[in-house]
Amino acid sequence: MFGKDKSSGKKRMRIFAVTDIHGSDVCFRKLCNSLDFYKVDELILGGDVTGKMVVPIVTRQDGKWESTFTGKQVLLEGEEERKRFIKLVKDMGFYPKVMSQDEFTTIAASPEEQTKVFRQLISERLYEWADYASNKLKDRGVKIYCAPGNDDETFIDEILEQSGAFEMAEGKRLVLADGREMITCAWSNPTPWQTPRECSEEELESRLTSIVAQVQDFSTAIFNLHAPPYNSKLDECPALDKDLKVISQAGQPVFAPVGSTSVRRLIENYQPLLGLHGHIHEGKGTYTLGRTLCVNPGSCYTEGVLQGCILTLEGTKVTNVQFTSG
Amino acid sequence: MVDALGGKKVFLRRSSGLIKSASTWDVFIFNVGLVSVGIGVANMILYSSYIYPGASIGWSSLIGGLCMLLVGLGMVAWTITIPRSGGIYVFGTRILWPPIAFALSFVEVGAWLYYTSLGSSWIMNIGIGPGLATLGILQHSPGLLAAGETAAKPIWVFLGGTAFLCLSGWLIISGMRKYFLSQKIIFSIAVLGSVVLAILLLFYRQSDFIQNFNSVMAPYFPGVTNAYQNIIDTAKNAGWVAGSGGVDWWQTFLFASWPFMAYIGAAFSISIGGEIRSGGRGQFIGIIAAIIVSTLAFIIMGVLSVRVFGSDFLGAVSYNFFNGVQGGAIPSAPWITLLIAILVRNPWLALFINLSFIAWIWLWIPGMQIYADRAFVAWSFDRLAPDRLGKVSERTHTPINAIVLAVIGTIILLALYVFTPYFTTVIMIEAAAFSWFVVLFAGIFFPYRKKSLYEKSPLAHTRVLGLPAQSVACFLGAIGAGIAFIFMWSDNFAAGHSKYSLAVMGGFILTGLIIYAIMYFYRKSKGINVNECFKEIPCE
């Protein structure tokens, strides 16, 4: 499975890292197929695996269904059309749910009911993915290293832990197939949206420090940290005003760094081989902090396109980096 | 919570990224800022009657605007379907064979870099040179007049242009905050200057101009009482053929490529599609409104200029100057900045309008360089350019290598423009129009060839005459770009299809293909297949 650098005798490992797929069914299926497609050895699925929106498909009295999609009312006639619509919604990372008008009214009126629906649909999607990945990867002996992100609620941890297809990485030091260590942290510094897994920089630093304490060899280690380092270009996204509206100057959106200062400090201090990050979909790119190569594969999951990064690792070096847009 | 925005019946949970979009106004401002009114109007006045006798500036502006409107529709469709930053490179790589997509992107970036270098030369040619000459003429100062002439000489155009290109590079390297601030100030000056220009043209009459022109030019035409008429007569005697009085439609069509060249900036928000997040509406209104407003501005300023200066005079004065007609040439190139200065005979007002033209031209320079930098970084990520081009400086947090390469590229193109005959005025725009045509044409088939991607587009539910909206919009866009290409192809002055023109265009496309091939084999030797960057992973 692993190549060998003839000159140095070191193992060569190719990993494929993606992040922020936000529930996109098609992106997850592409990830499972990428093992053979890109001929890589390991798959790493970064945080923010769950979707953000439930799309109700309301049954009408005339036997048709109506829904809202990309801001437009959609009328679905016949089972085939409904199935196609459900697939489309799932591929874009949303959760379709067929319901009656009464059900819709009840759920719409109750935040608790909405939370319940979200949890049910998120769980179902993750179980579906686990089954799909098990079937796809069972003969390969490969698991998907998976971690949640700041947008993912904590109840999903148990599902990821129990699944045979995923290697739940959150908060752990794992050893990859070529012997290198990887630590993972799903948490981010504060965002304007008060997401489920965000905390102050102080708390984040404390979390990170306790995970890093487990690492034995930083020269080959991977820091799989959802939040990118502050002011690294991997963390640039449109600046927002207090109403969450994009700030523009001269007609262009103004970009601002929103990464984590503690992640940056940690990488600067410990100098691992590689930093894998996500969180900022627009932040696709690489950035070097001392000897550490930091990578954000970016994300455009709603288009059904899986952005990723193939990295070739040989001992204490990253010998190749290739972004993909499949 | 139920998302009540726009009455959508969906449930949203607490998660990041749910932001309100940048406004349509922002997209509009971005695009208008990249329509160089200065370049467009200045060229229209200088060349219309001289090279295209009988051409109607108003109709040419309108025809160019209609072509651009069609192109804009196609580009709007693309950017709604693929709301990513990167312009035609992103669109092309989704539908075309990767080497072709890269080669077209290479041509496009080459065109915009060429535009940048052209802009820097025009700051000297249209701005500083005529500005000094204008003051020299108005103040009867031979020293200022000579300085103006010197500034417009090739070596000074090159040196001055290089300085502006480097200044722009420095501005971008030093960070976007400085860039935005400077663009804001410069855009305000540019717009204000154009408004003042339009008002002046509206309230002055041709008789005012003739009187002032004869008075100002008296020292340069000794013994001639009516220098204005003398210029027209000497030009005709020297062989210049004036328009017949009516509209010559063929010349009008040919001349449309000049305003089209300036309007292209109105669709530049496709390059920041992923950053706008305003979805289809913002891009649609932002692009279309920018095209319409720019077209109206060109028509108003063009028609008023002809009314005040006179069509025959505009053609004759350019003809005499560029052909050195004895007894008929004025001492400086007859750019509109000079003519308006003579019209108002107020050095300060003349200087302000001159400054506003420089401001319009300047807006292009960093804007276009940034476009090229982004393309270089994108190519680097896709392993089609050296890794170093994608590196971001730890100190400035900007892609210094990419910016420096863009500056060097523009300086080389500036030298080619200034010192060689191979790069005629809009030859690279012809190549860019070709690139846009190919990408728009390919867009017709996108809904059929990439069905699974297209059905996620907000456009997927809109059909026109039973056809996918993107197919129709891209068909119209291809027609617009195709017509513009034909105008340029048929016009040997603007671009044409001489062996030089074809060599420049073909050379750029071929260079793009060669670079792709080199990078393909180089990366392959390192274990990377660059074609995999763009291939869609099977999802079953």
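The following dialogue concerns the predicted model shown above, with attention to chain B and its interface with chain A.

Guide: This is a predicted model, in which local features need pLDDT of at least 70, side-chain atom pairs count only at pLDDT 80 or more, and totals for chains, interfaces and linings use all residues. Residues are numbered from 1 along each chain as its sequence is written, chains are lettered from A and ligands numbered from 1 in the order in which they are written, and side-chain values use heavy atoms, without hydrogens and water.

Visitor: Why is Thr134(B) called buried?

Guide: Buried means under 20% relative accessible area, exposed over 50%, and partly exposed in between (1.4 Å probe, protein chains only). Thr134(B) has a relative accessible area of 4%, and is therefore buried.

Visitor: What is Thr134(B) in contact with, leaving aside its neighbours within four places in sequence?

Guide: Contact means heavy atoms within 4.5 Å. Thr134(B) is in contact with Thr337(B), Leu338(B), Ala341(B) and Ala350(B) when those neighbours are set aside.

Visitor: Why does Val247(B) count as partly exposed?

Guide: Its relative accessibility is 38%, so Val247(B) counts as partly exposed. Val247(B) lies in the loop between helix 10 (227-238) and helix 11 of chain B; helices here are DSSP runs (H or I, at least four residues), as strands are (E, at least two), numbered from the N terminus.

Visitor: What is the mean pLDDT of chain B?

Guide: pLDDT is the predictor's confidence in each residue, from 0 to 100. The mean for chain B is 88, and 96% of its residues reach 70 or more. Within chain B, helix 13 (residues 273-276) has the lowest confidence, a mean of 66, while strand 3 (residues 467-468) has the highest, at 96. Over residues 1-7 of chain B, pLDDT stays under 50. Where pLDDT is low, the predicted coordinates should not be read in detail.
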